Amino acid sequence: MTVLAPRTVDELERILADSPDHTILSGGTDLMVEVNLHGRRPTAIVSLRSVEELHAWTFDHERVTIGAAVPYATMEVGELAGLVPALAQAARTVGSPQIRAAGTLGGNLGTCSPAGDGLPVLSALEATVHIRGNGDRRDVPFADFMVGVKRNALRAGEFVHSVSIPRVDGWQGYAKVGTRNAMVIANASTCLVRDRSAGRVRVALGAVGPTILRCPEAESWLAANSDLRGNTPPSADVRAEFSRLVSQASRPIDDHRSTAEYRRHAVGVLARRLLERSYQ
Ligand SMILES: Cc1cc2nc3c(=O)[nH]c(=O)nc-3n(C[C@H](O)[C@H](O)[C@H](O)COP(=O)(O)OP(=O)(O)OC[C@H]3O[C@@H](n4cnc5c(N)ncnc54)[C@H](O)[C@@H]3O)c2cc1C
């Protein structure tokens, strides 16, 4: 097998433009499962390990920009965790320390599983995916990036360069449920952002539909029926109706991990709990 190790983004771009069928390897925590367990046989690998620019993150007063090859271990602690707490919470739930040392947001986006823990966070925070390839740059809102189960908007020869996440004045959190407390793929997950300046709440659901789902009806109903700018928590009735509307927005299926009924119930409970935490 050919393994290429570009050192710059330009070099990476040239390799993929010439050979769009080459397979990108970032942390390898999804790809190597495909190779070792599912018989995938890439003819050539392009490793992102030496492309320094993709391992960097930056921020200014408007947004946080995270390179595609930044590992979860960097997101879960320190300054980056303080800037995007929901992403830190999601990162802490990914696999084991070994998986978090290797696995990246670029890989989560490359695989685009509805259960990917980074994806509801990118959805609720209305992140933009920065794409490079074929001598071009495209900025795609996360809402348009994920187009189906394990399908994304990347074209041949393109790769995820980075993700930028607008900074929010308000609370943000992520929670998931699985069949055990650690090393588990989500059966249902929820990210909630309470944007105090805008008086809005944004809710994104994972593992309960073919893509990450937003909950526009629940979001606008809550904005009309509670004080999202202030410190007064919504009443129990309002929280219960919000939970019901979130459940109603889900489109879960029964599979080997869980039932549709449980998943629908779980996202409503997670959203209500996150809303309550946003006032504590
Ligand atoms: C034991 C175990 C536990 C896990 N637990 C979780 C979990 O709890 N939550 C969760 O969300 N995931 C989990 N995963 C899956 C995996 O860790 C994540 O999806 C991770 O984000 C993948 O990142 P990676 O860098 O390892 O991707 P890789 O495996 O390197 O790549 C994955 C796919 O994305 C493509 N790709 C990678 N980078 C780019 C890029 N920059 N541009 C375009 N395409 C790219 C690759 O070609 C490949 O198709 C687990 C995996 C294992 C093995």
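These legends go through several close-up views of a predicted model. Local features are given for residues with pLDDT of at least 70 and side-chain atom pairs only at pLDDT 80 or more, while totals for chains, interfaces and linings use all residues. Residues are numbered from 1 along each chain as its sequence is written, and side-chain values use heavy atoms, leaving out hydrogens and water.

**View 1. Helix H12 covers residues 260-277.** Helices here are DSSP runs of H or I with at least four residues, strands are runs of E with at least two, and both are numbered from the N terminus. H12 has 18 residues and reaches 26 Å from its first C-alpha to its last, close to the expected 26 Å. That expected span is 1.5 Å times one less than the number of residues. Look for its buried residues, which include Ala 260, Arg 263, Gly 268 and Leu 275. Buried means under 20% relative accessible area, exposed means over 50%, and partly exposed lies in between (1.4 Å probe, protein chains only). Among the elements covering the buried residues of H12 are strand S11 (170-177), strand S12 (188-195) and helix H10 (216-225).

**View 2. Helix H11 also has buried residues.** The end C-alpha atoms of H11 are 20 Å apart, in agreement with the 20 Å that its 14 residues should span at 1.5 Å a residue. Val 238, Phe 242 and Leu 245 are among the buried residues of H11. Their cover includes S12, S13, H10 and H12.

**View 3. The largest nonpolar core has 37 residues.** A nonpolar core is a set of buried Ala, Val, Leu, Ile, Met, Phe, Trp, Tyr and Cys residues joined through side-chain atoms within 4.5 Å. Leu 109, Leu 122, Phe 145 and Ile 165 have the most contacts inside this core. At least three of its residues come from each of domain 1 (2-166) and domain 2 (170-277), with bounds taken from an automatic or database domain assignment. A second, separate core of 24 residues includes Val 201, Ala 218, Ala 266 and Val 267.

**View 4. Leu 122 and its contacts.** Contact means heavy atoms within 4.5 Å. Setting aside neighbours within four places in sequence, Leu 122 touches Leu 105, Leu 109, Ala 127, Phe 142, Val 163 and Ile 165.

**View 5. A network of salt bridges links Glu 126, Asp 195, Arg 200, Arg 202, Arg 214 and Glu 219.** A salt bridge is a side-chain nitrogen of Lys or Arg within 4 Å of a carboxyl oxygen of Asp or Glu. The structure holds 14 of them. Arg 202 counts as buried at 5% relative accessibility, and Asp 195 counts as buried at 12%. Glu 219 and Arg 214 meet at 2.9 Å, N to O; Glu 219 is buried at 9%, whereas Arg 214 is partly exposed at 23%.

**View 6. Arg 63 forms a salt bridge with Glu 62.** Their closest N and O atoms are 3.3 Å apart. Arg 63 is partly exposed, with a relative accessible area of 34%, and Glu 62 is partly exposed at 43%.

**View 7. Trp 57 and Phe 59 form a stacked aromatic pair.** Rings of Phe, Tyr and Trp (its six-membered ring) pair if their centres lie within 6.5 Å; planes under 30 degrees apart count as stacked, over 60 as edge-to-face and the rest as tilted. The count comes to 1 aromatic pair. Here the centres are 6.2 Å apart, with 25° between the planes. Trp 57 is partly exposed at 25% relative accessible area, and Phe 59 is partly exposed at 39%.
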